[in-house]
Amino acid sequence: MKQLTKAEEEIMQALWQLKKANVKAVIETLPDPKPAYNTVSTIVRILESKGFVDYEKKGKGHVYFPIVAKESYSNQSINKLVDNYFQGSFKSMVSFFVQKNDVDVKDIETLLDEINKKH
């Protein structure tokens, strides 16, 4: 699966939230200052060529929808982060975030509970 640019990822976030949308609806969900219609339209077509988005014709326009699940992309992105910055060690990544952020003990306990439920 290909990596997305920041702009592409922002458009995908909107499409994951909306499920199906035309370019105008995507623009409405984006923060100000809103990008131009042509910019978003171009990015959506790039996402289509990368295999992230497909469309169906509706009247004279298109309604776009994601064909890559958010969870699939998130998993790939996290794995790439762990591989590139933490030598493939999830433990190193968690340790980094615990050391660099003010992580509450309650949050750690919640994470441990979730991990224990899966095993």
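**Where does proline 33 lie?** Proline 33 sits in the loop between helix 2 (23–29) and helix 3 (37–49); helices here are DSSP runs of H or I with at least four residues, strands are runs of E with at least two, and both are numbered from the N terminus. The peptide bond leading from aspartate 32 into proline 33 is cis, and its omega is near -5 degrees.

A note before the views: this is a predicted model, in which local features need pLDDT of at least 70 and side-chain atom pairs count only at pLDDT 80 or more, while totals for chains, interfaces and linings use all residues. Residues are numbered from 1 along each chain as its sequence is written, and side-chain values use heavy atoms, with hydrogens and water left out.

**View 1. The whole chain, for orientation.** The protein has 6 helices and 2 strands, arranged along the sequence as α-α-α-β-β-α-α-α. Its C-alpha trace spans about 55 × 30 × 25 Å along the principal axes. The radius of gyration is 18 Å, whereas a compact globule of 119 residues would come near 14 Å; this radius is taken over C-alpha atoms, and the globule rule is 2.2 Å times the number of residues to the power 0.38. Of the 119 residues, 23% count as buried, where buried means under 20% relative accessible area, exposed means over 50%, and partly exposed lies in between (1.4 Å probe, protein chains only). The accessible surface comes to about 8700 Å², and carbon and sulfur atoms hold 53% of that surface; areas come from the Shrake-Rupley method with a 1.4 Å probe, and for residues only the protein chains shown count as cover. Among contacts with a separation of 6 or more, 47% join residues 24 or more positions apart, a contact being heavy atoms within 4.5 Å.

View 2. Rolling a probe the size of a water molecule over the atoms shows where empty space is left. On a 1 Å grid over the protein atoms alone, a cavity is a set of points where a 1.4 Å probe fits but cannot get out, while a pocket is an open set with protein on both sides within 12 Å along at least five of seven lines; lining residues have an atom within 4 Å of a point. The largest pocket holds about 300 Å³ of space, with grid points joined across faces, edges and corners and the volume being the space filled by probe spheres set on the points. Helix 5 (90–100) and helix 6 (105–118) each supply at least two lining residues, and helix 6 gives the most, with 6. Look for Phe90, Phe97, Ile108, Glu114 and Lys118 among the lining residues. By type, the lining divides into 9 nonpolar, no polar and 2 charged residues; Ala, Val, Leu, Ile, Met, Phe, Trp, Tyr, Cys and Pro count as nonpolar, Asp, Glu, Lys and Arg as charged, and the others, Gly among them, as polar.

**View 3. Leucine 111 in helix 6.** Leucine 111 is found in helix 6 and is also part of the lining of the largest pocket. Its relative accessible area is 47%, so leucine 111 is partly exposed.

**View 4. Glutamate 8 in helix 1.** Is this glutamate 8 buried or exposed? Glutamate 8, in helix 1 (residues 6–18), counts as buried because its relative accessibility is 5%. Beyond its neighbours within four places in sequence, glutamate 8 is in contact with Gln3, Ile43, Ile46, Leu47 and Lys50.

**View 5. Two loop residues with positive phi.** Lysine 19 is not a glycine, yet its phi is positive at about 75 degrees. Lysine 19 belongs to the loop between helix 1 and helix 2 and counts as exposed at 58% relative accessibility. Glutamine 87, also not a glycine, has a positive phi of about 50 degrees. Glutamine 87 is in the loop between helix 4 and helix 5, and is exposed with a relative accessible area of 70%.

View 6. Isoleucine 67 is in the loop between strand 2 (61–66) and helix 4 (70–85). At 48% relative accessibility, isoleucine 67 is partly exposed. Not counting residues up to four places away in sequence, isoleucine 67 touches Gly51, Phe52, Val53 and Asp54.
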